[in-house]
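Here is a short note to read alongside the model. Please keep the structure open and find each residue as it comes up.

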Amino acid sequence: SIAVMAVAAPYSCTCNDAVKNAIGHGLHVVVAAGNERTDANDWSPSSVAEAITIGNIDGCTDKMAPKSNYGPAIDVFAPGVKIRSTWIGGKAMTKVLSSTSMAAGQVAQILAISEGRDGSKSP
């Protein structure tokens, strides 16, 4: 019941409509705000008001990451600097990454824990 979209593309009505439709059918959609240091409303799917749009902060300094998109579309900022993640090339492969995608993944985890503990809620 939770989708994470770690993508930022130039504004697209088609993309935004697809995300709105998924949310309308009960799917929680967590989206990365993007890493262009511009207004997240200029990008898709971060400009979908119904989505949970995540900006990126440095968890050590609590300051917005240098490349994070910003603006009124952002629902929450989450740590996304120097996050160890799985990586291609093998089951044990990891890589340290910094992006709004890393921050979005963390928010999706919190949402999943909440849904598991409290039961499913509508988006």
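**Notes on the predicted model**

1. D118 is partly exposed, with a relative accessible area of 38%; buried means under 20% relative accessible area, exposed over 50%, and partly exposed in between (1.4 Å probe, protein chains only). R117 is exposed at 61%. The side chains of D118 and R117 meet in a salt bridge, with 2.8 Å from N to O. A salt bridge here is a side-chain nitrogen of Lys or Arg within 4 Å of a carboxyl oxygen of Asp or Glu. A search of the whole structure finds one salt bridge.

2. On the source: this is a predicted model, in which local features need pLDDT of at least 70 and side-chain atom pairs count only at pLDDT 80 or more, while totals for chains, interfaces and linings use all residues. Residues are numbered from 1 along each chain as its sequence is written, and side-chain values use heavy atoms, with hydrogens and water left out.

3. Is strand β3 mostly covered or mostly open? Strand β3, residues 28–32, is mostly covered, and five of its five residues are buried. Helices (H or I, at least four residues) and strands (E, at least two) are DSSP runs, numbered from the N terminus. In a regular strand the side chains alternate between the two faces of the sheet. In β3, H28, V30 and A32 lie on one side and V29 and V31 on the other, and all are buried.

4. Which strands pair with β3? Strand β1 (residues 2–5) pairs with β3 in the parallel sense over four bridges, and strand β5 (residues 52–58) pairs with β3 in the parallel sense over three bridges. Two strands count as paired if DSSP finds at least two bridges between them.

5. Helix α2 covers residues 100–118, which makes 19 residues. From its first C-alpha to its last, α2 reaches 27 Å, close to the 27 Å expected at 1.5 Å a residue; the expected span is 1.5 Å times one less than the number of residues. Just after α2, G119 takes a positive phi of about 90 degrees.

6. Which residues of α2 are buried? They are T100, S101, M102, A103, A104, V107, A108, L111 and E115. An α-helix has 3.6 residues a turn, so residues three or four places apart point the same way. The elements that cover the buried residues of α2 include β1, β3, β5, β7 (76–79), β8 (83–86) and β9 (94–97).

7. At the start of α2, a side-chain oxygen of S99 reaches to within 3.2 Å of the backbone nitrogen of S101. S101 belongs to α2 and is buried, with a relative accessible area of 18%. Leaving aside its neighbours within four places in sequence, S101 is in contact (heavy atoms within 4.5 Å) with A6 and A32.

8. The largest nonpolar core has nine residues: V30, A32, I54, A78, A103, A104, V107, A108 and L111. β3 and α2 each supply at least two residues of this core, and α2 gives the most, with five residues. A nonpolar core is a set of buried Ala, Val, Leu, Ile, Met, Phe, Trp, Tyr and Cys residues joined through side-chain atoms within 4.5 Å. Leaving aside neighbours within four places in sequence, L111 is in contact with I2, H28, V30 and I52. Apart from this core lies another, of six residues, among them V19, I23, V31 and A51.

9. G34 lies in the loop between β3 and β4 (43–44). Is G34 buried or exposed? At 1% relative accessibility, G34 counts as buried. Not counting residues up to four places away in sequence, G34 touches A8, K67, S68, N69 and T100. The C-alpha atoms of G34 and K67 are separated by 8.1 Å, although these residues are 33 residues apart along the chain.

10. Some backbone angles deserve a check. Most residues other than glycine have a negative phi, and most peptide bonds are trans. R37, in the loop between β3 and β4, has a positive phi near 55 degrees and is partly exposed at 43%. K82, in the loop between β7 and β8, has a positive phi of about 55 degrees and is exposed at 67%. A cis peptide bond joins S44 and P45, with omega about 5 degrees; P45 is found in the loop between β4 and β5.

Terms used:
A polar contact is a pair of N or O atoms within 3.5 Å; within protein, one must be able to donate a hydrogen and the other to accept it, and residues adjacent in sequence count only if both atoms are side-chain atoms.
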